[in-house]
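Dear colleague,

Please find below the sequence and the structure that I am handing over to you. My notes on what was found follow directly after them.

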Amino acid sequence: MPSALSDADLLIASLDALLGKKRDLKQAAMQQLLAGKARLAGFTGAWTLKRLDAVCSMKSGEQITMSNIDAHSRYPCYGGNGLRGFTTRFTHEGRYCLIGRQGALCGNVLEVEGHFFASEHAIVVTPSEQ
């Protein structure tokens with residue numbers, strides 16, 4: 001039995017190392033893309049500088065109390081730290097990015113799709129029509 005546990009520990013360590021390498025590759029790819037040194041497939045030409053408000057709007061969600069959030073209602077409710085629970089109504093429908101504006105995960109970005117409720121602790125990013 002001790003051999004099986006040490007084998008499991010080695011496997012976990014190698015998986016952790018693999019995850020670390022994947023994170024490093026992702027970070028390097030993001031830096032290349034954001035610096036304009038690499039482009040995604042289908043995108044050509046020079047980068048253009050635009051103000052953020054020219055490509056999207058950012059607005060906090062609506063206030064909601066804990067008494068209106070539960071574990072079994074229909075619509076997911078997102079706050080500054082991600083999923084808070086579920087509620088009976090939704091504020092948004094579609095695909096959006098949410099940015100935590102309060103809490104331990106303040107500044108983190110989460111992609112959300114479908115019908116959902118965004119609380120006042122999440123900023124909803126809405127792309128402009130282009």
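Strand β2 (residues 75–79) and strand β5 (residues 109–118) are paired in the parallel sense, with 2 bridges between them. Strands here are DSSP runs of E of at least two residues, numbered from the N terminus, and two strands pair if DSSP finds at least two bridges between them. Within this pairing, tyrosine 78 is placed opposite alanine 118 of β5.

The model is a predicted one, in which local features need pLDDT of at least 70, side-chain atom pairs count only at pLDDT 80 or more, and totals for chains, interfaces and linings use all residues. Residues are numbered from 1 along each chain as its sequence is written, and side-chain values use heavy atoms, with hydrogens and water left out.

Strand β5 also pairs with strand β4 (residues 92–100); these two run antiparallel and are joined by 8 bridges. Leucine 98 has leucine 110 in β5 as its bridge partner, and arginine 95 has glutamate 113 in β5. Strand β4 pairs in turn with strand β6 (residues 122–127), in the antiparallel sense and over 4 bridges. There, isoleucine 99 stands opposite isoleucine 123 of β6.

The aromatic residues deserve a paragraph of their own. The whole structure contains 3 aromatic pairs, a pair being two rings of Phe, Tyr or Trp (its six-membered ring) with centres within 6.5 Å; planes under 30 degrees apart count as stacked, over 60 as edge-to-face and the rest as tilted. Tyrosine 78 and phenylalanine 116 form an edge-to-face pair, at 6.0 Å centre to centre and 80° between the planes. Because tyrosine 78 lies in strand β2 and phenylalanine 116 in strand β5, this pair ties together parts that are 38 residues apart in sequence. Tyrosine 96 and phenylalanine 116 are also edge-to-face, since their ring centres are 5.8 Å apart and their planes are at 70°. Tyrosine 96 belongs to strand β4 and phenylalanine 116 to strand β5, so that pair connects parts 20 residues apart in sequence. Through these ring pairs, Tyr78, Tyr96 and Phe116 are linked into a cluster.

Are these residues buried or exposed? Tyrosine 78 and phenylalanine 116 are both buried, where buried means under 20% relative accessible area, exposed over 50%, and partly exposed in between (1.4 Å probe, protein chains only). Phenylalanine 116 has a relative accessible area of 0%, and tyrosine 96 counts as buried at 16% relative accessibility.

The largest nonpolar core has 7 residues: Tyr78, Tyr96, Leu98, Val112, Phe116, Ala118 and Val124. Such a core is a set of buried Ala, Val, Leu, Ile, Met, Phe, Trp, Tyr and Cys residues joined through side-chain atoms within 4.5 Å. β4 and β5 each supply at least two residues of this core, and β5 gives the most, with 3 residues.

Phenylalanine 117 is also found in strand β5 and is buried, with a relative accessible area of 0%. Its C-alpha lies 8.7 Å from that of glycine 79, although phenylalanine 117 and glycine 79 are 38 residues apart in sequence.

Finally, the residues lining the largest pocket include Leu33, Leu34, Arg39, Phe43, Trp47, Lys50 and Cys97. A pocket is an open set of points on a 1 Å grid over the protein atoms alone, where a 1.4 Å probe fits, with protein on both sides within 12 Å along at least five of seven lines; lining residues have an atom within 4 Å of a point.

With kind regards
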